[in-house]
Amino acid sequence: MEDRKRGSQLWEEEGEKESGGSDSLASPSLPAFPAPGTMLRAGPPSHTLLRLPLLPPLLLLLVQAVGRGLGRASPAGAPLEDVVIERYHIPRACPREVQMGDFVRYHYNGTFEDGKKFDSSYDRHTLVAIVVGVGRLITGMDRGLMGMCVNERRRLVVPPHLGYGSIGVAGLIPPDATLYFDVVLLDVWNKADTVQVSTLLRPPHCPRMVQDSDFVRYHYNGTLLDGTAFDNSYSKGGTYDTYVGSGWLIKGMDQGLLGMCPGERRKIIIPPFLAYGEKGYGTVIPSQASLVFHVLLIDVHNPKDTIQLETLELPPGCVRRAVAGDFMRYHYNGSLMDGTLFDSSYSRNHTYNTYVGQGYIIPGMDQGLQGSCMGERRRITIPPHLAYGENGTGDKIPGSAVLIFDVHVIDFHNPADPVEIKTLSRPAETCNETAKPGDFVRYHYNCSLLDGTRLFSSHDYGAPQEATLGANKVIQGLDIGLQDMCVGERRQIVVPPHLAHGESGARGVPGSAVLLFEVELVSREDGLPTGYLFVWHEDPPANLFEDLDLNKDGEVPLEEFSTFIKAQVSEGKGRLLPGQDPEKTIGDMFQNQDRNQDGKITGEELKLKSDEDGERVHEEL
């Protein structure tokens, strides 16, 4: 009953208005003479039919008839007084119904009561495209289309006085003919329509929305209002890339894309006058067709865009920020604006290592890394003109793609960086002697990368590390950092890679890694002059060989030599080279004195190193 009431009201409005309408709104394919198949008004005689008094709503019958009984005379034998409508297929979704003044496109078959066809739009392969309710159709068709949904199918029975009346159409429709129409509605729109936008999916994070003059990349499926597909980007293997609001798109799409977020899905319905209008487009989009686009926005940027920076995590105590010329190690995930991952350093289990601000990486990344702190996580959004431009690169980064990098800065340094030393604690007692080159030191340490990754620790070995400073026993930066320390002092030492393991790294140490040491000096011993294995604290004995020859047989084997040297050390008269096995040191000393390598030292062979050095100088002079 609601449909009937609605239809009755529309007809009453139609009766109150003047009949008319612009012929230019009719389909261009319609013949100049209003043939029966076009459902146009047949001329002056039928105008009087339009002005007949409208019938009460109750006379509008919705008949579910069987066979040819549909639309016959009423049971009492009286002729039909109004259009009979059978809605035999109603789509589930009906966003709008035909109203007076709407422009419609439909197919139909027209027959007489005996089933003989008198006209068909299917036979002409052309839809009827016309305005409803303004007198351009026979009154019965005008009324029968009211309230229809797109893809709805109706059977209409039009009595003669609402069709071609007592005159008919010569040679086609006899006088007083009842007409039967099978109609399917394919499109409906109105001059007052605007673009209809429905958001199907909106991502939770929207970094920016489409504005006029933006460049967008999107996928789409395009259909007519009845669902007939005419085009899609997916089958072409790439997005549709274009400027918005610059005349590159149909007006309705220009409007429908505004305000979209990357990753958003929209349904955009565009009336023909904002699409391809009367001309249509080729063979796929008919004249006066409404268009439906299901759009997925991949990304958006503007040629005037710069990079966008978003700090995701900033570690406390950032005392230094990256500048041009620094060498940086960082991890990253690279994705397109719709979230598609195209690359990741994590998948290679290796940081990306490069100079910043030197042109080794894309300009947007060069800019985006500057000003970052060690340990910082930041998101860098790079427009295509600062990335890979219109051509893209490889098969993962398409042309004109906006790139998003989630970056974790591991460390950075400058080739001119010195060792950074920070004293964590010093012993309370006065420190008169500090470590210096040549000293033998024992120290505990923890070594890590600047991101906190633990590498080594002396505590794992249960004993302090031992080294002679200045003897190339440890990396240069640590050697420098240990100097001038007091026993008991704790330091933090930051060593740049050129003073550590360099670009190649070492076992367990990545290439170009900045190393962080926390050290505690456990002990320190004065070292020996370069080249010395033993030094006297006082003057050596006047007759050294006699003191060495314990059994006075004129020769000194290793056992006597070792016994003597150990006694000197025990009595505090001299000391061996620290940091080396005493037995090995004594053995080396003996080998140096046993010049003929016969296993014993004679008086002629024995010489102090100071004497040897003096002779060498004399020879040079």
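Predicted model: local features only at pLDDT ≥ 70, side-chain atom pairs only at ≥ 80, totals over all residues.
The protein chain has 621 residues, of which 46% count as buried, and its secondary structure comes to 11 helices and 29 strands. Among the contacts in the protein chain with a separation of 6 or more, 70% are accounted for by residues 24 or more positions apart.

In soluble globular proteins, nonpolar side chains tend to be buried together. In this model the largest nonpolar core holds 31 residues, and those that touch the most other members are Val104, Tyr106, Met141, Leu145, Leu179, Phe181 and Val183. Two or more residues of this core come from each of strand 3, strand 5 (128-131), helix 4 (139-145), strand 6 (153-158) and strand 7 (179-189), and the greatest contribution is that of strand 7, with 5 residues. Valine 183 illustrates how such a member is surrounded: leaving aside neighbours within four places in sequence, valine 183 is in contact with Tyr106, His107, Tyr108, Met141, Leu145, Met148, Glu152, Arg153, Arg154 and Leu156. Apart from this core lies another, of 27 residues, which includes Tyr218, Tyr220, Ala275 and Ile285.

Aspartate 102 lies in the loop between strand 2 (84-89) and strand 3 (103-111), and because its relative accessible area is 3%, aspartate 102 is classed as buried. Its side chain reaches the backbone nitrogen of glutamine 99 at 2.8 Å, while beyond the residues up to four places away in sequence aspartate 102 touches Arg96, Glu97, Ile130, Val131, Val132, Val188, Trp189 and Asn190. Asparagine 151, in the loop between helix 4 and strand 6, is partly exposed, with a relative accessible area of 26%. The backbone of asparagine 151 also deserves a look, with a positive phi of about 75° although the residue is not a glycine. Most residues other than glycine have a negative phi. Serine 400, in the loop between strand 18 (377-382) and strand 19, likewise has a positive phi, near 60°, in a residue other than glycine; serine 400 is buried, with a relative accessible area of 9%.

The elements that give two or more residues to the lining are strand 19 (403-413), strand 20 (420-425), strand 21 (440-449) and strand 24 (490-495), and the largest share, 3 residues, comes from strand 20. Sorted by class, the lining of the largest pocket has 15 nonpolar, 6 polar and 5 charged residues.

Asparagine 302 occupies the loop between strand 13 (291-301) and strand 14 (308-313), and since its relative accessibility is 11%, asparagine 302 counts as buried. Its side chain is joined to that of serine 213 by a polar contact of 3.0 Å. Not counting residues up to four places away in sequence, asparagine 302 touches Arg208, Asp212, Ser213, Asp214 and His385.

Threonine 354 sits in strand 17 (residues 352-355) and, at 5% relative accessibility, counts as buried. Between threonine 354 and glycine 325 there are 29 residues of separation in sequence and 9.8 Å in space, C-alpha to C-alpha. With residues up to four places away in sequence not counted, threonine 354 touches Asp326, Phe327, Met328, Tyr330, Tyr360 and Ile361. Threonine 468 belongs to strand 23 (residues 465-468) and is buried, with a relative accessible area of 18%, a value that falls within the class because buried means under 20%. Threonine 468 and proline 578 are 110 residues apart in sequence, yet 8.0 Å apart in space, C-alpha to C-alpha.

How values were computed. Residues numbered from 1 in each chain as written. Heavy atoms only, no water. Helix = DSSP H or I, 4+ residues; strand = E, 2+ residues; numbered from the N terminus. Buried < 20%, exposed > 50% of the residue type's maximum accessible area, 1.4 Å probe, protein only. Polar contact = N/O pair within 3.5 Å; in protein donor to acceptor, adjacent residues only side chain to side chain. Contact = heavy atoms within 4.5 Å. Nonpolar A, V, L, I, M, F, W, Y, C, P; charged D, E, K, R; others polar. Core = buried A, V, L, I, M, F, W, Y, C linked by side-chain atoms within 4.5 Å.
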